[in-house]
Amino acid sequence: MTSTRTSALDAAIDLLGTEGLRSLTHARVDDHAGLPKGSTSNYFRTRAALLTGTVDAIVDRELSEVGMLAPASAEDLVDAVCGLIDYTTVANRTVTAARLVLFLEASHDPVLREALARGRTAMEASVVSAFAHLGAQDPQTAATALMACAEGLILHRIAREDTTDPRPAFELVVRAALS
């Protein structure tokens with residue numbers, strides 16, 4: 001059985017990802033989750049707490065679903081990242097759209113920015129490790145480049161419904177990082 005807190009967070013993610021930031025109110029979350037009035041505010045007393053809780057839920061969900069990258073070759077890394085792009089923009093589209101909404105809000109909110117940075121740090125560590133394993137001379141810079149490319153492609157897929165094949169871009173970045 002799903003806890004009330006989890007139901008509220010799932011509803012908050014869905015509202016953000018389908019209707020945007022203005023849709024996120026305690027009352028709308030309660031209604032969307034089918035919870036009694038006031039349930040969400042029992043767990044998240046303020047809007048800021050609800051936003052931070054939602055970020056933490058997204059980060060936890062994505063890290064557990066995506067896991068660590070462990071490619072055996074450059075081709076495996078490209079395949080994994082292409083799969084990640086497809087996952088985040090198709091099966092996980094609503095969660096990804098919610099995360100992008102929160103990115104923009106974080107530009108005005110240092111607490112939210114810090115919560116998002118925790119997720120970014122964890123994902124980046126996985127990519128740095130993958131590049132180090134594959135022998136990149138500068139795994140950190142390689143990871144930064146690959147993640148910037150991935151984030152741009154994700155943004156375009158969500159915001160513009162751009163279905164351009166990401167493989168050529170990732171092959172270029174990975175090849176450059178490993179040369």
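Predicted model: local features only at pLDDT ≥ 70, side-chain atom pairs only at ≥ 80, totals over all residues.
Trainee: Let's start with α8. How far apart are its end C-alpha atoms, and does that agree with what 22 residues should span or disagree?

Mentor: The end C-alpha atoms of α8, which covers residues 139–160, are 31 Å apart. At 1.5 Å a residue, its 22 residues should span 32 Å, so the two values agree.

Trainee: Thanks! Which residues of α8 are buried?

Mentor: The buried ones are P139, A142, A143, L146, M147, C149, A150, I154, R157 and I158. Looking down the axis of α8, you find its buried residues within an arc of 160 degrees, so they line one face of the helix.

Trainee: And what does the face turned away from that buried side carry?

Mentor: That face of α8 carries the exposed residues A159 and R160.

Trainee: Back to the buried side, then. Which helices do the buried residues of α8 pack against?

Mentor: They pack against α5 (74–91), α6 (93–106), α7 (110–133) and α9 (167–178).

Trainee: Let's pick α6 from that list. At what angle do α6 and α8 pack?

Mentor: The angle is about 105 degrees, and the axes of α6 and α8 are 10 Å apart. That angle falls between 65 and 115 degrees, which means α6 is roughly perpendicular to α8.

Trainee: Which residues make that contact?

Mentor: From α6 you have R93, T96, A97 and L100, and from α8 there are I154, L155, R157 and I158. By type, the contact of α6 with α8 has five nonpolar residues, one polar and two charged.

Trainee: Is E161 buried or exposed?

Mentor: E161 has a relative accessible area of 61%. Exposed means over 50%, so E161 counts as exposed.

Trainee: Changing topic to α1. How many residues does it have, and what should they span?

Mentor: α1 has 16 residues, which should span 22 Å at 1.5 Å a residue. Its end C-alpha atoms are 22 Å apart, so that agrees.

Trainee: Which residues of α1 are buried, and what do they pack against?

Mentor: In α1, the buried residues are S7, A8, L9, A11, A12, I13, L15, L16 and G17. Their packing partners are α2 (26–33), α3 (39–43), α4 and α6.

Trainee: What follows α1?

Mentor: G20 does, and its phi is positive, near 90 degrees.

Trainee: Last one: where does A48 lie?

Mentor: A48 lies in helix α4, residues 47–66. It is partly exposed, with a relative accessible area of 43%. A48 and D109 are 61 residues apart in sequence, and their C-alpha atoms are 9.0 Å apart in space.

How values were computed: Residues numbered from 1 in each chain as written. Heavy atoms only, no water. Helix = DSSP H or I, 4+ residues; strand = E, 2+ residues; numbered from the N terminus. Expected span 1.5 Å × (residues − 1). Buried < 20%, exposed > 50% of the residue type's maximum accessible area, 1.4 Å probe, protein only. Arc of directions from axis to C-beta. Contact = heavy atoms within 4.5 Å. Axes fitted to C-alpha atoms, helices over the stretch in contact; angles between N-to-C directions. Parallel < 35°, antiparallel > 145°, perpendicular 65-115°, else oblique. Nonpolar A, V, L, I, M, F, W, Y, C, P; charged D, E, K, R; others polar.
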